[in-house]
Amino acid sequence: MCSSPTSPRSRTGRPRSAEADTAILEATRAALVELGWSKLTMSDVATRAKVAKTTLYRRWASKNELVVDAVAVLFDELELPDRGSLVADIEGVVLQFAALLERPETKTALMAVIAESTRDEPLRERIRTSIVERQKRLVLEGRHRAQVRGELPPAPGPTPGTDDLIFDVIAGAVVHRALVSAEPVDAEWVQRFTALLLGGLGAAAQT
């Protein structure tokens, strides 16, 4: 599991404070929930975090960078539980993911940065590197664990294309269900989704 948020670009000056970083990211998420993307400012975050605005700009060059890192920290909380089988592991992490998306700060921040990224290519790239690429570790961990258990055959070599597709299917389905359709991601839905993911359409139709 990643132990720290993506480090903003290096700058000279005094050493960074982990406590200040945590306070700033928490203040960013709180401000997003209360104010929304359009009204959120670096000044407001600095005031809430009780730091100087220059402290923010030494770490993050823009509001876009700051908000993405505030979201990325939340996604780093996700872990792949060892529940004894690949099916149970997938169900566990999907339920974790859904619970994370239910949190107001996650929902507001994620929807805001995704919407803004449609017209900001650097922001889209930061989302990709700070959130998407980092969370693909869950797919790699799940595949390796299932291979050790004998549930999946050993891969003959690296499988980045397949791993990317698995991640896209899981993340896309859960985000759409929770944030676009606004439908519950409950245990029953997760079981059906996992059956579809692992067994294909025929197996899912029988559940």
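A salt bridge, as I use the term in these notes, is a side-chain nitrogen of Lys or Arg within 4 Å of a carboxyl oxygen of Asp or Glu.

**Entry 1: ground rules**

I am looking at a predicted model, where local features need pLDDT of at least 70 and side-chain atom pairs count only at pLDDT 80 or more, while totals for chains, interfaces and linings use all residues. Residues are numbered from 1 along each chain as its sequence is written, and side-chain values use heavy atoms, with hydrogens and water left out.

**Entry 2: the whole chain**

I began with the helices and strands, which are DSSP runs numbered from the N terminus (helices: H or I, at least four residues; strands: E, at least two). I found ten helices and zero strands in the chain. Next I looked up burial, where buried means under 20% relative accessible area, exposed over 50%, and partly exposed in between (1.4 Å probe, protein chains only). The chain has 207 residues, and 41% of them count as buried.

For the surface I noted about 11,100 Å² of accessible area, 57% of which belongs to carbon and sulfur atoms. Such areas come from the Shrake-Rupley method with a 1.4 Å probe, and for residues only the protein chains shown count as cover. I also checked contacts, meaning heavy atoms within 4.5 Å. Of the contacts in the chain with a separation of 6 or more, 66% are between residues 24 or more positions apart.

**Entry 3: salt bridges**

How many salt bridges does the structure hold? I noted 17. As background, side chains of opposite charge can pair when their charged atoms come close.

I looked at Glu-121 and Arg-124, whose side chains meet in a salt bridge at 3.6 Å, N to O. Both sit in helix α7 (residues 121-135), and because they are three residues apart there, about one helical turn separates them. Glu-121 is partly exposed at 44% relative accessibility, and Arg-124 is partly exposed too, at 32%.

Then I turned to Arg-59 and Asp-21, which form a salt bridge with their closest N and O atoms 2.5 Å apart. Arg-59 belongs to helix α3 (residues 53-59) and Asp-21 to helix α1 (residues 18-35), so this pair ties together parts that are 38 residues apart in sequence. Are these two buried or exposed? Arg-59 is buried, with a relative accessible area of 5%, and Asp-21 is buried at 12%.

My next pair was Asp-163 and Arg-143, with 2.9 Å between the closest N and O atoms of their salt bridge. It links distant parts of the chain, since Asp-163 is in helix α9 (residues 160-180) and Arg-143 in helix α8 (residues 137-149), 20 residues apart. Both Asp-163 and Arg-143 are buried.

I also wrote down a network of salt bridges that links Asp-82, Asp-89, Arg-145, Arg-149 and Glu-151.

**Entry 4: how helices cross**

Angles under 35 degrees count as roughly parallel, over 145 as roughly antiparallel, 65 to 115 as roughly perpendicular and the rest as oblique.

The axes of helix α6 (residues 104-117) and α7 come within 8 Å and cross at roughly 135°, which makes α6 oblique to α7. On the α6 side I found Val-113, Ile-114, Glu-116 and Ser-117, meeting Glu-121, Leu-123, Arg-124 and Ile-127 of α7. This contact has four nonpolar, one polar and three charged residues. For these classes, Ala, Val, Leu, Ile, Met, Phe, Trp, Tyr, Cys and Pro count as nonpolar, Asp, Glu, Lys and Arg as charged, and the others, Gly among them, as polar.

The axes of α1 and α6 come within 9 Å and cross at roughly 80°, so these two helices are roughly perpendicular. Arg-29, Leu-32 and Val-33 of α1 make the contact with Pro-104, Glu-105, Thr-108 and Ala-109 of α6.

**Entry 5: Val-175**

I found Val-175 in helix α9. Which residues does Val-175 contact, leaving aside its neighbours within four places in sequence? I noted Phe-97, Leu-101 and Val-180.

**Entry 6: positive phi**

Most residues other than glycine have a negative phi. I looked up Lys-50, whose phi is near 60°. Lys-50 lies in the loop between α2 (42-49) and α3 and is exposed, at 74% relative accessibility. Ala-182 has a positive phi too, near 55°. I found Ala-182 in the loop between α9 and α10 (187-205), exposed with a relative accessible area of 58%.

Terms used: Axes fitted to C-alpha atoms, helices over the stretch in contact; angles between N-to-C directions.
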